[in-house]
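This report is written for a reader who is meeting the structure for the first time. Please keep the sequence and the three-dimensional view at hand while reading.

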Amino acid sequence: MAQAKIQAPRGTLDVLPEDGARRRELVRLAEGIFGRAGYGYAETPIFESTELFARGVGDATDIVEKEMFTFEDQGGRSLTLRPEGTAGVCRAYVEHGLHKRPQPVRVWYLGPFFRHEAPQAGRYRQFAQIGAEALGSDDPSLDAELILLLSELLERAGARGLRLSIGSLGTPETRRTYSEELREHLREREDQLSEDVRARLDRNPLRAFDSDHPGTRAAVADAPRLIDRLAAEDSQHFTEVRALLDDAGLAYEVDGTLVRGLDYYTRTVFEFTSEALGAQSGVGGGGRYDRLVERLGGPPTPGVGWAAGVERILLASLAPAAEERPLVFVALERAEHRRAGFRLVRDLRAHGVAAQMEQAGRSLKGQLKHAARVGADRVVIVGADVLRVRDLRTRDERSAADPDEALALLLEQPPR
Ligand code: AMP
């Protein structure tokens, strides 16, 4: 009896080779950009103690309340598949005493992240992020540097219709006072609010700014703005970040309602969106988190960083035209020529020439068709007494008596 097919879990994504090439290209781009700016590549575990996110990201956020993949291990410890990367990097910073190194410590990372969200175009339950963090300094040039690095990555990846919004959230103290004021404002309009926002009015009224609910949107339209309540120091910090971005010629819009979905942000927050995307228009964003390391048991340490979604960047960019690349295809007149063909392929690869051979039992005619399909520019037909080396572009053909001679011919005529 035929077995039922097994499907990938909802909201996950298979990356097939044609997409894989674009993803690798993006990673190479990121590597170059980060390398020049002094960011070192780091990896942290894909699962962490649940406590890290509860304390780091914040109990009253959507991510922690509803979206985490949490499980118990065999020893009864609560673990969570990481929903974001900053908390893990900060944990590692504390755990390995990185505050003793010269500051700031700059890292970038890449990998899978997990959120139990309703899947839709551009929104998955497992997605990949590229991210960067700079820990140990509150210098506004770091905020600007990180924003410019993300901007460069997105531009060079070919993301279309980009817009940058920036804001400042000040300190947790300012936010607390402001939250009171906002709560008052929203209470007066309580019957207009979505159930969600109403339920969290006590704990986290700022979330109202994230809502798409029409009544909530109307209620926040004339609400006081945190950005107008910043302490002098924070306001000055924000002015400096803006001046650095202005000098760099980067266009942005100041958005006094930008709150973002994580609780750890202080001062600068920012987000790039793309008009080329649908409802899920956020391509990447982040901000400063000057209290997070301390919240995770480390010394007071300012930090700033961002994460960008790999799938969203690729969705927002046009796929580049397929590149023509030199490739030799080794065709076999008969299956018994496999060994000679295999040796030639090995030798070609050892000399740095891309080579493939027939490995699916096609007829010679089928093999030549296949060679064109895989984009080969030259074909070697391995026969009993002779190997024919054919240039598919010029149709020029030369013969060789054995694989060594064929190899010499192929190497003397370097690929175009
Ligand atoms: P966040 O950590 O929420 O600031 O997200 C940073 C970036 O990650 C977003 O701008 C998106 O590009 C990407 N991202 C976040 N959640 C998802 C998701 N569920 N599916 C795909 N990409 C996501």
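## Salt bridges within and between elements

This is a predicted model. In it, the side chains of Lys-66 and Asp-62 are joined by a salt bridge, with 3.7 Å from N to O. Both residues belong to helix α3 (residues 62-66), where they are four residues apart and therefore separated by about one helical turn. In general, an α-helix has 3.6 residues a turn, so residues three or four places apart point the same way. Lys-66 is partly exposed, its relative accessible area being 45%. The pair also takes part in a network of salt bridges that links Asp-62, Glu-65, Lys-66, Asp-196, Arg-200 and Arg-203. Over the whole structure, a search finds 36 salt bridges.

Glu-145 forms one with Arg-106, and their closest N and O atoms are 3.0 Å apart. Because Glu-145 lies in helix α5 (residues 140-157) and Arg-106 in strand β5 (residues 105-114), this pair ties together parts that are 39 residues apart in sequence. Glu-145 is partly exposed at a relative accessible area of 24%, and Arg-106 is likewise partly exposed, at 26%.

Which residue forms a salt bridge with Asp-234? The partner is Arg-267, and the closest N and O atoms of the two are 2.7 Å apart. Here, too, distant parts of the chain are linked, since Asp-234 is in helix α9 (residues 232-247) and Arg-267 in strand β9 (residues 266-274), 33 residues apart.

Are these two residues buried or exposed? Asp-234 has a relative accessible area of 2% and is buried. Arg-267 is buried as well, with a relative accessible area of 10%; the cut-off for this class is under 20%.

## The open sheet

Eight strands make up an open sheet with mixed pairing, and their order is β1-β5-β6-β11-β10-β9-β7-β8. At the edges stand β1 (40-41) and β8 (253-254), each of which pairs on one side only. Strands of a sheet pair through backbone hydrogen bonds, either parallel or antiparallel. For β9 and strand β10 (residues 282-288), the sense is antiparallel and the pairing extends over six bridges. Opposite Gly-284 in β10 stands Phe-272.

Helix α4 (residues 86-95) packs on it and touches β5 and β6 (126-135). The direction of α4 makes an angle of about 45 degrees with that of β6.

## The two sides of helix α8

Which residues are buried in helix α8 (residues 214-221)? They are Gly-215, Thr-216, Ala-219 and Val-220. These residues cover an arc of only 130 degrees around the axis, and therefore they lie on the same side of α8. The other side of the helix holds the exposed residues Pro-214 and Ala-221.

What do the buried residues of α8 pack against? Their neighbours in this packing are α6 (172-187) and α7 (195-199).

## Backbone features

A cis peptide bond joins Gln-103 and Pro-104, with omega at about -5 degrees. Pro-104 is placed in the loop between α4 and β5.

Arg-267, the salt-bridge partner of Asp-234, has a positive phi of about 50 degrees although it is not a glycine. This residue is found in strand β9. Arg-395 is another residue other than glycine with a positive phi, in this case near 70 degrees. Its place is in the loop between β15 (387-391) and β16 (397-400). Arg-267 is buried, at 10% relative accessible area, whereas Arg-395 counts as exposed at 57% relative accessibility.

## Domains

According to the domain assignment, the chain has domain 1 (17-170 + 230-316) and domain 2 (328-411). How many Å separate the centres of domain 1 and domain 2? Taken over C-alpha atoms, the separation is 49 Å.

Terms used: Residues numbered from 1 in each chain as written. Predicted model: local features only at pLDDT ≥ 70, side-chain atom pairs only at ≥ 80, totals over all residues. Heavy atoms only, no water. Salt bridge = Lys/Arg side-chain N within 4 Å of Asp/Glu carboxyl O. Buried < 20%, exposed > 50% of the residue type's maximum accessible area, 1.4 Å probe, protein only. Pairing = 2+ DSSP bridges. Contact = heavy atoms within 4.5 Å. Axes fitted to C-alpha atoms, helices over the stretch in contact; angles between N-to-C directions. Domains from an automatic or database assignment. Arc of directions from axis to C-beta.
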